[in-house]
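Biologist: Please show the structure, and let us go through the terms used to describe it one at a time.

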Amino acid sequence: MTVVELFLEFALLSFVAFGGATALLPEMHRVVVENHHWLDETTFTHLYAIAQAAPGPNVLVVTLIGWKVAGLAGALAATLAMCLPMSVVIYLLIDRWEGFAGARWQKAISLGVAPLAVGLVFSGATLIAQAAGLAWGGALLVLLTVVISLRSKLNPLWLIALGALLGLAGWV
Amino acid sequence: MFTADKVDTKPRPDLRALFFGFSSVGLSGFGGVLPFARRMLVEQRRWMTAEEFNAQLGLCQFLPGPNVVNLAVVVGKRYQGLAGAIVAPVGLLAGPLAIVLLLALLYDAYGSLPIAQGMLRGIAAVGCGLLFAMAWRMGKALRDKAYFLPFSVFTVAGIAMLRWPMPWVMVAGLILSGGVAYWRLGKK
């Protein structure tokens with residue numbers, strides 16, 4: 001039963017996933033941790049960390065959440081729920097895209113969605129910051145990452161490795 | 001005729017090529033693989049020109065959901081119809097999915113160890129910093145900030161502080177913000 005519920009919850013979310021799965025972090029947290037108590041706060045953060053450290057599209061954090069909630073069936077159900085509805089829509093719409101690309105309402109939606117996506121990503125960041133249970137060192141590491149990421153073109157993978165090392169050393 | 005044929009003939013990927021092409025994309029990036037999709041499609045395999053890529057990406061970015069999965073559906077359909085539209089995203093996700101599930105097994109086995117917990121906390125801290133940086137960059141790229149940045153604030157207030165359900169926040173936000181955008185577009 002949980003698998004069906006998981007599928008329906010995530011399929012609903014896929015329709016508002018402007019900005020991809022990253023933008024959905026706060027709402028997935030709400031659904032999975034607060035509403036259904038399928039996972040606790042720490043596990044949720046850990047899954048986000050694992051998805052960060054693995055190659056692939058951002059959507060895989062959804063797979064991990066599904067796995068923890070309901071095993072392999074949950075992993076597949078959650079991933080499918082996130083990808084399938086919009087895939088069907090896009091399959092049907094792509095041939096007509098030329099017809100409405102550039103129309104005033106289409107541009108208005110694109111422009112209008114952008115600031116909401118900014119807010120969603122920012123909310124996701126504050127959520128992880130709160131849920132991760134960071135000590136002073138961790139807070140500093142967040143700040144350091146922001147500065148380095150904005151000031152240099154360093155591959156984020158190095159920062160992730162640094163985070164893992166500092167965490168291993170118990171400084172975070 | 002003969003030469004024109006040679007120039008115009010573009011490689012037309014079969015299902016196998018679609019699967020492996022998108023597999024390579026899925027496995028090559030950390031934290032977002034869209035730039036790798038562009039490199040594979042336009043530069044390496046030349047399945048489409050840069051203009052074609054941008055045009056197709058338009059709808060993928062316009063609609064919600066994982067952009068790169070949407071893109072795989074579009075490219076798959078273009079070359080191999082329904083079968084392609086299924087095979088391409090499956091190719092994109094299969095490899096990373098297997099890796100992530102392997103990591104999940106490791107997490108189940110060793111996740112409760114203090115060193116694993118410390119390591120994951122460190123990675124989460126970096127991931128959190130990357131998200132803040134991403135939000136900052138996206139915010140900087142907004143046009144007409146005086147009109148649109150308030151909607152970012154509205155979203156953060158609704159989602160992060162008041163904990164309203166996201167579908168409602170998005171519908172309300174999109175009507176208001178899209179309305180302002182529609183009005184601004186009319187003035188130009």
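Biologist: Leaving aside neighbours within four places in sequence, with which residues is B:Cys128 in contact?

Modeller: Contact means heavy atoms within 4.5 Å. With those neighbours left aside, B:Cys128 is in contact with A:Tyr48, A:Ala125, A:Ile128, A:Ala129 and A:Val142. The model is predicted, so local features need pLDDT of at least 70 and side-chain atom pairs count only at pLDDT 80 or more, while totals for chains, interfaces and linings use all residues. Residues are numbered from 1 along each chain as its sequence is written, chains are lettered from A and ligands numbered from 1 in the order in which they are written, and side-chain values use heavy atoms, with hydrogens and water left out.

Biologist: Why does B:Cys128 count as buried?

Modeller: Buried means under 20% relative accessible area, exposed over 50%, and partly exposed in between (1.4 Å probe, protein chains only). B:Cys128 has 0% relative accessibility and therefore counts as buried. The residue is placed in helix α6 (residues 114-141) of chain B; helices here are DSSP runs (H or I, at least four residues), strands are E runs of at least two, and both are numbered from the N terminus.

Biologist: How many residues does chain A have, and what share of them count as buried?

Modeller: Chain A has 172 residues, and 55% of them count as buried. The chain has eight helices and zero strands.

Biologist: Which classes of residue line the second largest pocket?

Modeller: The second largest pocket has a volume of about 440 Å³. Among its 18 lining residues, the closest to its centre are A:Leu80, A:Leu84, B:Ile86, B:Pro89 and B:Val90. Its lining has 16 nonpolar, two polar and no charged residues. Ala, Val, Leu, Ile, Met, Phe, Trp, Tyr, Cys and Pro count as nonpolar, Asp, Glu, Lys and Arg as charged, and the others, Gly among them, as polar.

Key
On a 1 Å grid over the protein atoms alone, a cavity is a set of points where a 1.4 Å probe fits but cannot get out, and a pocket is an open set with protein on both sides within 12 Å along at least five of seven lines; lining residues have an atom within 4 Å of a point. Grid points are joined across faces, edges and corners, and a volume is the space filled by probe spheres set on the points.
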